[in-house]
Structure formats: structure tokens, C-alpha cells
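Let's take a walk through a protein chain, strand by strand and contact by contact. Have the viewer open while you read.

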Amino acid sequence: MKFHVITMGCQMNVGDGDWLTRSLQTTGFTPAPEHEADLFILFTCSVREKPEQKVASELGRIADRHRDNPNACVAVGGCVAQQLGTSLWRRFPMVRLVFGTDGIAAAPRALARLAEEPGLRLSLLDFTESYPERDQSWPEDRLPPRAFVSIMQGCDNYCAYCIVPFVRGRQKSRGAAAVVEECRNLAERGVREVTLLGQNVNSYGLDASGDGTSFARLLDAVAAVPGIARIRFTTSHPKDLSDDVIERFGSLPQLCPALHLPVQSGSDRILRRMGRRYDTADYRRLVAKLRRARPDLALTTDLIVGFPGETEADFKETLDLVREVRFESGFSFMYGDRPGTASERLEPKIAPEAKAARLAELQTLLDAGLTASLAARVGTSAEILIEGPSRRDGAAGPSWRGRDPWGRIVNLPLPGHGDAAGTIVPARIVQAKKHSLIGEAEARDD
Ligand code: SAM
Ligand code: SF4
Ligand code: F3S
């Protein structure tokens with residue numbers, strides 16, 4: 001059967017989509033473009049209202065477009081599937097499987113059953129006690145140079161605004177041996193860079209499912225895997241970022257000098273109402289320590305504007321913090337109520353116009369930061385991990401697209417290279433674009 005995966009939401013969903021694609025291929029399913037597929041697998045997100053609405057519009061669109069295909073069916077996974085469960089069947093008859101984040105391990109077997117039994121519908125929505133280990137067979141010998149590796153599921157933090165703990169369940173760490181084994185398998189198939197994934201990686205190993213390995217020790221173990229040249233991780237909660245992990249930014253050469261450290265607000269009053277369990281002084285101290293360990297660290301962040309009770313003065317404090325920390329870039333969101341969360345009941349709500357105005361002001365500031373940071377790279381050199389052909393060709397011939405160690409996208413021509421994907425090329429940055437850089441390959445000194 002031919003299948004097509006559509007992914008919304010965060011990197012956890014991208015990682016889950018990559019794994020399911022791999023696993024289905026080893027059981028005889030074939031990935032295909034949408035117009036050729038019979039099975040559509042949707043990974044959904046419910047963190048904000050818009051992504052949640054997108055699920056209904058995608059399901060409607062698939063039903064419309066594939067009305068004439070009697071074999072067409074849909075599997076819905078991810079956070080909306082966990083939230084809405086089997087009610088999705090009633091609204092969208094084409095849906096024959098709903099699976100949550102713990103249920104995904106059993107999804108390949110369920111999909112194989114559905115292919116055999118046309119009248120059947122299945123749901124996999126229970127949360128498990130421990131990390132549900134997944135099939136680790138590999139359909140191909142050669143993989144793209146970057147991969148995601150899940151190290152935990154769920155989240156125990158219950159930040160006041162966030163639906164994730166409700167739809168991803170309690171935190172469950174994966175055993176360190178399984179993480180290292182997956183990294184080894186990936187490296188043997190050409191992967192050079194791994195991103196370790198969890199909602200709160202800094203509390204890795206500290207839950208009942210953990211095997212006692214701390215996150216810092218896990219970083220050491222992954223860095224020791226032959227062939228892994230770069231390690232990244234996401235997401236970090238400031239309250240759990242330990243001195244040991246900060247120290248690794250200075251001592252582990254494979255650990256990239258980039259960290260996503262969501263601050264959410266620059267106002268202590270709002271941070272308290274959000275239940276984040278750190279204040280801006282703690283955050284500033286962390287930034288100072290990180291920059292002592294790794295002076296060139298590129299920091300990125302998440303910010304919410306218009307949290308219930310946020311005043312203009314609170315918002316100004318957020319702008320001040322953003323100016324002071326000099327983030328490389330940031331994701332900023334307008335606060336929205338999510339069902340069942342603590343802040344759904346918090347007052348006063350901020351008017352939509354005020355939220356929109358604050359978001360626009362914050363985004364302008366973040367954009368200016370990114371522009372300045374990219375412009376400062378012109379004339380410097382960096383090692384670029386080539387990911388694949390670039391969409392745009394330069395004057396000097398076909399271009400390749402890669403990333404510098406700080407995570408910035410770099411496009412560069414590589415004349416005479418057959419397949420450059422997976423190579424690490426020293427380059428000089430010659431131009432800054434709005435969201436990316438242009439480079440030129442440099443001769444190596446050695
Ligand atoms: N675990 C990560 C963390 O603690 O930062 C990521 C959480 S969430 C998947 C990604 C971002 O969505 C959050 O950092 C937050 O800025 C934003 N977000 C979550 N709930 C929100 C809400 N109700 N309204 C607006 N933004 C929200
Ligand atoms: Fe949501 Fe907070 Fe958990 Fe992040 S740490 S997933 S924001 S509850
Ligand atoms: Fe969305 Fe679920 Fe990720 S709600 S942001 S897909 S954890």
C-alpha cells in the first residue's frame with residue numbers, strides 16, 4: 001500500500017513521522033506523493049488554536065480530493081488525536097486509525113491489520129508506564145545527514161498555558177543504551193548530526209522510567225559514537241539546565257554552540273503566573289554562565305505575548321530582556337486559551353488588538369536581531385554540514401544547502417561535487433540574506 005505523511009507541529013512530530021515512515025517501509029508499505037497514495041497519515045498539533053483548526057481543514061481537503069478512491073483511508077496521530085480521540089471517526093468517516101504519542105509504537109502493526117480488514121477501525125490512545133521502545137529496523141543503508149532521536153516522551157511541568165502535558169502524558173525517559181544504539185545505527189548509515197528530542201531534555205533520566213543516566217552523561221555517550229560530528233538538543237527548560245550541561249558546551253567538541261532556551265516572558269510577575277519556576281534574574285545568570293562556557297553560543301527562544309494580566313509595563317520588560325540577551329532569533333506567539341489548562345481560568349484576558357500590536361513590536365525587534373547577527377557573519381569562516389541541493393542555483397553553478405555549527409542555513413556553490421550531502425565543507429560567508437547566508441567553499445589548510 002502507498003502512504004503519504006503530512007506533519008504539523010513541533011520537532012517531536014517530525015521525529016515521529018520520520019520513524020513511522022521508516023518502520024512502514026520495512027513492513028512493505030511504500031511512501032508516495034499525495035496524489036498516488038491510498039493511506040494518509042496526519043501528525044497533528046494542538047498547542048495553539050490555529051494548528052488545531054488546521055487538522056479539520058486538512059481532513060476535509062483529503063476527503064474532498066480523494067472522494068473517488070474507494071481504498072483511501074486516513075490515520076491521525078499526534079496531539080489532536082490524543083485530545084479528540086475516537087470522536088474524529090464520527091466527524092471524518094475516512095479516519096480508520098487514531099493513535100497517541102505512546103500508541104505510535106504499535107501503529108505499524110495496526111496499519112497492517114487495517115489493510116487486511118477493510119471494515120475495521122482502531123484506536124491506540126492509552127498512555128504507557130514506561131517509554132514505549134519502537135521497532136529499530138532500517139529500510140535503507142543510506143540516510144540524510146541529519147536525524148532526530150527521541151530521548152523521552154511527555155512533560156510533567158504543567159506550565160499554566162500549555163496543553164502538552166495533557167496530550168503527551170507524564171514524562172518518561174528512554175534508556176540511555178537504546179538512545180546510543182539508535183545514534184550508532186544512524187551514524188553507520190551516514191548521519192553526521194543528531195538532534196536529541198524531548199519536551200524538557202534537561203530533566204532527562206530524572207523520572208521513574210529513567211535508568212539513572214543524567215542528560216550531561218547522555219551527551220557524553222552520544223558524543224563517543226563514531227561518525228557523529230554534531231549534536232544538538234531541544235527543548236530546554238531554564239529551571240532544569242544544570243551546570244554539568246552548561247560545562248559540556250565548553251568541553252564537548254561535538255556539541256553545537258546553539259541553544260534553544262525558551263524564556264516566555266521578561267516579567268517576573270508573569271513568569272510566576274505562568275508557573276515557570278524561574279525568574280528573570282535566574283535566566284540572566286544562566287545566559288552569563290553559558291556565554292562563559294561558550295562565548296559564541298547562539299541563543300534562541302520562545303516568547304508569549306498577551307498572557308492573562310500582562311500589562312504594557314510587563315511587555316516592556318520582555319522587550320528589554322530581548323534587547324539585553326541578544327537572541328539569535330526567537331519564536332513569538334500570541335497567548336491563546338487551551339482547554340483544560342490553568343490559565344484558561346485566569347483573568348483579565350488581553351484584548352486581541354493589544355496582543356496583535358505587542359506581537360508585531362516583538363517580532364520587529366527579533367527580526368532586527370536576526371538581521372544584525374547574519375550581517376555580522378559576512379567575512380567570517382565556518383564549517384558547513386551539507387544537507388542537500390539548494391533550491392536556488394548561484395552564478396557559479398548548482399548550489400548546495402547546509403548549516404553552520406550555530407544552526408544558520410548557508411547556501412553555497414560546490415563546483416565539481418557529485419553528491420556533497422553529508423560532507424563538512426569549510427566556507428567563507430560572503431553575503432547575508434533575510435533568513436540565511438551565502439558562502440564560498442574555502443581550501444582546507446591541512
Ligand atoms: N517544552 C517546550 C518549552 O517548555 O519551551 C516547548 C513547549 S510548546 C510545544 C512550544 C511553545 O509554544 C512554547 O514554548 C510556548 O511559547 C508556546 N505556547 C504553548 N502554549 C501556548 C498557548 N496557550 N498560547 C500561546 N503560545 C503557547
Ligand atoms: Fe509545555 Fe511547559 Fe512542558 Fe514546555 S515545559 S511542554 S511549555 S508544560
Ligand atoms: Fe504541538 Fe504536540 Fe508538539 S501540541 S507543539 S505537536 S507536543
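Strand E16 (residues 399-403) and strand E17 run antiparallel, joined by five bridges. If you want a spot to check this pairing, look for Trp 400, whose bridge partner in E17 is Leu 412. Before we go further, keep in mind that this is a predicted model.

E16 and E17 form a hairpin with five residues between the strands, and there Gly 407 takes a positive phi near 95 degrees. E17 has another partner too: it pairs with strand E19 (residues 437-441) in the parallel sense, over two bridges. In that pairing, Val 410 stands opposite Leu 437 of E19. What holds strands together like this? Strands of a sheet pair through backbone hydrogen bonds, and they can do so in a parallel or an antiparallel way.

Is strand E17 (residues 409-413) largely enclosed or open? Four of its five residues are buried, so the rest of the structure largely encloses E17.

Now hop over to another sheet. Strands E12, E13 and E14 make up an open sheet in that order, with parallel pairing. Its edges are E12 (258-260) and E14 (329-334), each of which pairs on one side only. On average, neighbouring strands of this sheet are turned by 10 degrees against each other, ignoring direction. Zoom in on E12 and you'll find three bridges joining it to E13 (residues 298-305). One pair to look for is Leu 259 with its bridge partner Leu 299 in E13.

Next up are the charged side chains. How many salt bridges are there? The count comes to 37. Here are some of them:

| Salt bridge | Closest N and O atoms |
|---|---|
| Arg 174 with Glu 133 | 2.8 Å |
| Glu 247 with Arg 248 | 2.8 Å |
| Asp 404 with Arg 408 | 3.1 Å |

The pair of Arg 174 and Glu 133 links distant parts of the chain, 41 residues apart. Arg 174 sits in the loop between strand E9 (172-173) and helix H7 (176-188), while Glu 133 is in the loop between strand E6 (122-124) and strand E7 (146-150). Arg 174 counts as buried because its relative accessibility is 1%, whereas Glu 133, at 40%, is partly exposed.

The other two pairs are worth a look as well. Glu 247 has 39% relative accessibility, so this residue counts as partly exposed. Arg 248 comes in at 10%, which makes Arg 248 buried. As for Asp 404 and Arg 408, both are buried.

Some salt bridges also join up into a network, which links Arg 146, Glu 193, Arg 230, Arg 232, Glu 387 and Arg 403.

Here's another arginine to find: Arg 22, in helix H1 (residues 11-26). Is Arg 22 buried or exposed? With a relative accessible area of 11%, Arg 22 is buried. Leaving aside neighbours within four places in sequence, Arg 22 is in contact with Gln 136, Ser 137, Trp 138, Pro 139 and Glu 182.

Last stop: ligand 2. Which residues surround ligand 2? They are Cys 155, Asn 157, Tyr 158, Cys 159, Tyr 161, Cys 162, Val 164, Pro 165, Gln 199, His 237 and Arg 276. Sorted by class, this shell has seven nonpolar, three polar and one charged residues.

Terms used. Residues are numbered from 1 along each chain as its sequence is written. Chains are lettered from A and ligands numbered from 1 in the order in which they are written. This is a predicted model: local features need pLDDT of at least 70, side-chain atom pairs count only at pLDDT 80 or more; totals for chains, interfaces and linings use all residues. Side-chain values use heavy atoms; hydrogens and water are left out. Two strands pair if DSSP finds at least two bridges between them. Axes are lines fitted to C-alpha atoms, for helices over the stretch in contact, and angles run from 0 to 180 degrees between N-to-C directions. A residue is near a molecule or strand if one of its heavy atoms lies within 4 Å of it. Ala, Val, Leu, Ile, Met, Phe, Trp, Tyr, Cys and Pro count as nonpolar, Asp, Glu, Lys and Arg as charged, and the others, Gly among them, as polar. A salt bridge is a side-chain nitrogen of Lys or Arg within 4 Å of a carboxyl oxygen of Asp or Glu. Buried means under 20% relative accessible area, exposed over 50%, partly exposed in between (1.4 Å probe, protein chains only). Contact means heavy atoms within 4.5 Å.
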